[in-house]
Amino acid sequence: MSEPQWERTLTVTTAEQTHALAAAVGGVLEAGDLLVLTGELGAGKTTFTQGLGEGLGVRAGIISPTFVLVRIHPNLADGPRPGGPDLVHVDAYRLESAAEIDDIDLENTMDTAVTVVEWGRDRVEHLSDSRLEVDLHRSVGGESPATDAAAAGDVMDFDTDDDDEPRTLVFRGYGPRWAEVPRLLETPSPEKGN
């Protein structure tokens, strides 16, 4: 499926707002959900995933899985969503193809966890008939945010501390799970685009 069901653009001005928005998104996620995060160095992918983890009620301490490829963050029995899904956090930057994604056996956790894949575009779409894509863009040196992930260049995101500068987050829903826009993204406000 090449065209999204819908697209929403939001602007946040601080890392705290990025985290809070992601925590709200995490609150509506279910086991089996696939999220694909795209963004250049320092765009806020790790901050966003930390917020998702908070909203899902998983163990704290989320860091980028750059060198290990996959980290699993278990749901906390005494957290805000006891019995909820675990968070599987994947960094696909060094993976060249869908076949290499298959080699890390994500299908074993796809039905019982929320899977978040950084750098997953054009690598993980085959894992599910539905996905939520989130593109995170920041203005660097006063330039406009990149509209194409490829335009960002080959940069690895080692930075876990985001600057407090405006970021644009573009959400796209694909497949039956995301046929409708989540309520938290529905209504435009002064801080939210279309």
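Biologist: Which residue stands opposite Val-117 of β5 in strand β2?

Modeller: Happy to look, bearing in mind that this is a predicted model. Strand β2 (residues 34-39) pairs with β5 in the parallel sense, over four bridges. The residue standing opposite Val-117 is Val-36.

Biologist: And which residue stands opposite Val-117 in strand β4?

Modeller: Strand β4 covers residues 86-91 and also runs parallel to β5, with six bridges between them. Opposite Val-117 you will find Val-90.

Biologist: Is strand β5 enclosed or exposed?

Modeller: Let's take its side chains in turn. Ala-113, Thr-115 and Val-117 point one way, Val-114, Val-116 and Glu-118 point the other way, and all are buried. Because six of the six residues in β5 (residues 113-118) are buried, the rest of the structure leaves this strand largely enclosed.

Biologist: Which strands are at the edges of the sheet?

Modeller: The open sheet has seven strands with mixed pairing, in the order β1-β7-β6-β2-β5-β4-β3. On average, neighbouring strands are turned by 20° against each other, ignoring direction. An edge strand pairs on one side only, and here those are β1 and β3 (70-73).

Biologist: What handedness does the β-α-β unit of β4, helix α3 and β5 have?

Modeller: The two strands of this unit, β4 and β5, are parallel partners. Helix α3 (residues 98-103) belongs to the unit as well, and the unit is right-handed.

Biologist: How many residues does the largest nonpolar core have?

Modeller: In soluble globular proteins, nonpolar side chains tend to be buried together. Here, the residues with the most contacts inside the largest core are Leu-29, Phe-48, Leu-52, Leu-132, Val-134, Leu-169 and Phe-171. Elements that each supply at least two of its residues include α1 (15-26), α2 (45-56), β6 (131-138) and β7 (167-174).

Key:
Residues numbered from 1 in each chain as written. Predicted model: local features only at pLDDT ≥ 70, side-chain atom pairs only at ≥ 80, totals over all residues. Heavy atoms only, no water. Buried < 20%, exposed > 50% of the residue type's maximum accessible area, 1.4 Å probe, protein only. Pairing = 2+ DSSP bridges. Right-handed = clockwise from strand over helix to strand, strands pointing away. Core = buried A, V, L, I, M, F, W, Y, C linked by side-chain atoms within 4.5 Å. Axes fitted to C-alpha atoms, helices over the stretch in contact; angles between N-to-C directions.
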